[in-house]
Amino acid sequence: MAALVKRGGSDDIYPGGPFFSNLVDAGLLVSLARTVDVYCPPSKRSRVTAPLILSVGEKAAEGKQQPRSIDTLPDECLFEILRRLPGDKERSNSACVSKRWLMLLSSICSSQLIGRMKPSLQSVNKPLPDLNEHPSVNDQEIQNNGFLTRRLEAEEATDIRLSAIALGTCSRGGLGKLFIQGNDSTKVSDVGLSAIAHACPSLRALSMWKVPLVTDAGLQEIANECPLLEKLDLCHCPQISDKGLIAVALKCPNLMTLTIEASSNISNKALQFVGRCCSKLKYVTIKDCPEVGDQGIASLVSSPSPSLERIKLQALNISDLALAVIGQYGKNLIDLSLVSLKKVGEKGFWVMGNTCGLQKLRSISITCCSGLTDIGLQAVAKGSPLLKQLFVRKSCYLSDAGLRAFAEKARALENFHLENCNRVTFLGVLSVLSNCPKLNSLALMRCLGIRDLPYAPAQLPSCMSLESLIIQDCPDVTSASLQMVGKICPQLQKIDLGGQAGVTDALLIPLIENSKVGLVEVNLRGCVNVTDALITILARAHGSTLKMLNLDGCTKITDRSLMAIANCCSVLDDLDLSGCSIGNYGVAVLASAKQLSLRVLSLASCSITTKCLPFLANMGQSVVGLNLQQCRLITSDAVAVLEQKLWWCDIIS
């Protein structure tokens, strides 16, 4: 035994021997004492074939470490990775990973992208494509750049939503138009607008309504990254000032349409830059901006390259000077709208017309301007020989003398609309009918001064061109006036007498019988004295041309009128019988008429029951709109059955 213990060689057990020299085997030794080690071989083969076997403490520390992921990288490193993605499609797909990736990708400017594939020499020398071949998907994306439109309303408008739109559209043709209609609680800020700017350089139209958190910084990002911008609407954006609009003027030379509404921080300074830098500007609307005055409007109109065609000015602190500049330099204006200009007087309209600079003006609308008088309106007609449309509303100083002087100059007038002008009488209207040979449409609304003449003129004028007559809410217009109009205008095709409660059958029959070409549209809404006799005459005389008939509120209309309509009207497609005294029999006759192809039928507030619904279900696929509101004798279950049968029709109940 002693010899065995003292035996030397490679199998000896002693400190520093071969077992200690092998680190793997050293871990299999069990220490019994300070100087005695016993070797314990494993009973089974080890399943772990690692180059290093850790101790028990080291294994526990390793188990506590989190798994390594790209999400553990800081934003700076992830930003550098994401800006090296090769194309728009890759960036769009990467934005779907998480909200963090979405916001990082949306913050990358186009100038910071270094992963875009640059065109090689072969692609530059590539021959022109064959137009007869069908383009590939990539070619379509390039060619359709900027044709997508997105609209956000109220709660939908958030920064995250804008970021998703920005990255989602960049690989699908590019965003061309963005409309944001918010409210006082809309949370869109500069972050979302910057995302649109960074990813959508093809943006051409931006409209923001009630977006209180967007400031000049967001609008500056749009100006810097979207040089193709053509249309900008800023309505109720209180934090946008001259600084943001000046940036747009300097960086977006293609701007053609500008709308500014309720912006107290925008003044003349911004409009000066717009007039100086935006040589393609055509349409301007400025409303309720207290800091905008004569200097700003003058800068817009008198720009070095005048291209303005349409101007609308409302509730501004401008004076006669602004209108004088418009009359002098508005050589390309075709449409002018002036609303609630309290500081503009008679002199402003007189100078605007007598400068004779509005030679191309086709339409002018003047609303609630106390400075418009007979002299001013005559001057407008003198300076605008091609004027075709005149809209005058709430003018308390305009009289028959002004209309007569205007009509003698405006020989090209086609559309005349008069509303809330109480000093104008029927004699002034007759002067317009007799002096404007091209007049096509005449509208008189809420003019209390227009009433029947006590006597008939010795010689009535003739207006063979008038096709549309609208008289609404003029209570003193009754028999004599309508009979006179019927004799003067035999070519009438559209008659609108909505709200004329004093109109009766005897007054309307001459007007209907004098139409030589056939009536197409007739609106008798609220004419409570109209009866079945008039509708029968109307259907027999103009059934072959009548397309629209409104009898809303005509309580004396019964099933007899429906029988006449069903028998005589062959092209009628819009019929309103709301509030009429009709029953199931009349609806059944109307729905069973084979020659009728009604598209819209309104039976609101009529005393009909569920018995007429089977007849309505057989009207055919021509009907697309059916109004059954306030029909209390029709149950909801019956309406549900009707909806199944007329599944293509929009039924309101």
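**Questions about a predicted model**

Me: Happy to have you along! How far is the sulfur of cysteine 237 from the closest cysteine sulfur?
Reply: This is a predicted model, and cysteine 235 holds the sulfur closest to that of cysteine 237. A disulfide needs the two sulfur atoms within 2.5 Å, so this pair is too far apart for a bond. The separation is 7.1 Å.

Me: And how many disulfides does a search of the whole structure find?
Reply: Cysteine 252 is in no disulfide either, since the nearest cysteine sulfur, in cysteine 226, is 7.3 Å away and the cut-off is 2.5 Å. Both cysteine 237 and cysteine 252 are buried, each with a relative accessible area of 0%. Across the whole structure, the number of disulfides found is zero.

Me: Let's turn to helices. Are helix 11 and helix 12 roughly parallel or roughly antiparallel?
Reply: Packed helices are described by the angle and the distance between their axes. The axes of helix 11 (residues 190–199) and helix 12 (residues 216–225) come within 8 Å and cross at roughly 0°. Angles under 35 degrees put a pair in one class, so helix 11 and helix 12 are roughly parallel.

Me: How do the residues of the contact of helix 11 with helix 12 divide?
Reply: On the helix 11 side, the contact includes Leu193, Ile196 and Ala197. Helix 12 brings residues including Leu219, Ile222 and Glu225. By class, the residues of this contact divide into six nonpolar, three polar and three charged.

Me: What covers the buried residues of helix 23?
Reply: Helix 23 spans residues 532–542, and its buried residues include Leu534, Ile535, Leu538 and Ala539. Asp532, Thr536 and His542 are also among the buried ones. Their cover includes helix 22 (505–513), strand 17 (521–523), strand 18 (548–550) and helix 24 (559–568).

Me: Which loop holds serine 605?
Reply: Serine 605 is not a glycine, yet it has a positive phi of about 60°. With a relative accessibility of 44%, serine 605 counts as partly exposed. Its loop is the one between strand 20 (600–602) and helix 26 (613–617).

Me: To finish, what share of the residues in the protein is buried?
Reply: The protein has 27 helices and 22 strands. Its accessible surface comes to about 32900 Å², with 54% belonging to carbon and sulfur atoms. Of the 653 residues, the buried share is 46%.

Definitions and conventions: Residues numbered from 1 in each chain as written. Predicted model: local features only at pLDDT ≥ 70, side-chain atom pairs only at ≥ 80, totals over all residues. Heavy atoms only, no water. Axes fitted to C-alpha atoms, helices over the stretch in contact; angles between N-to-C directions. Helix = DSSP H or I, 4+ residues; strand = E, 2+ residues; numbered from the N terminus. Parallel < 35°, antiparallel > 145°, perpendicular 65-115°, else oblique. Contact = heavy atoms within 4.5 Å. Nonpolar A, V, L, I, M, F, W, Y, C, P; charged D, E, K, R; others polar. Buried < 20%, exposed > 50% of the residue type's maximum accessible area, 1.4 Å probe, protein only. Areas by Shrake-Rupley, 256 points an atom, 1.4 Å probe, with all protein chains shown as cover.
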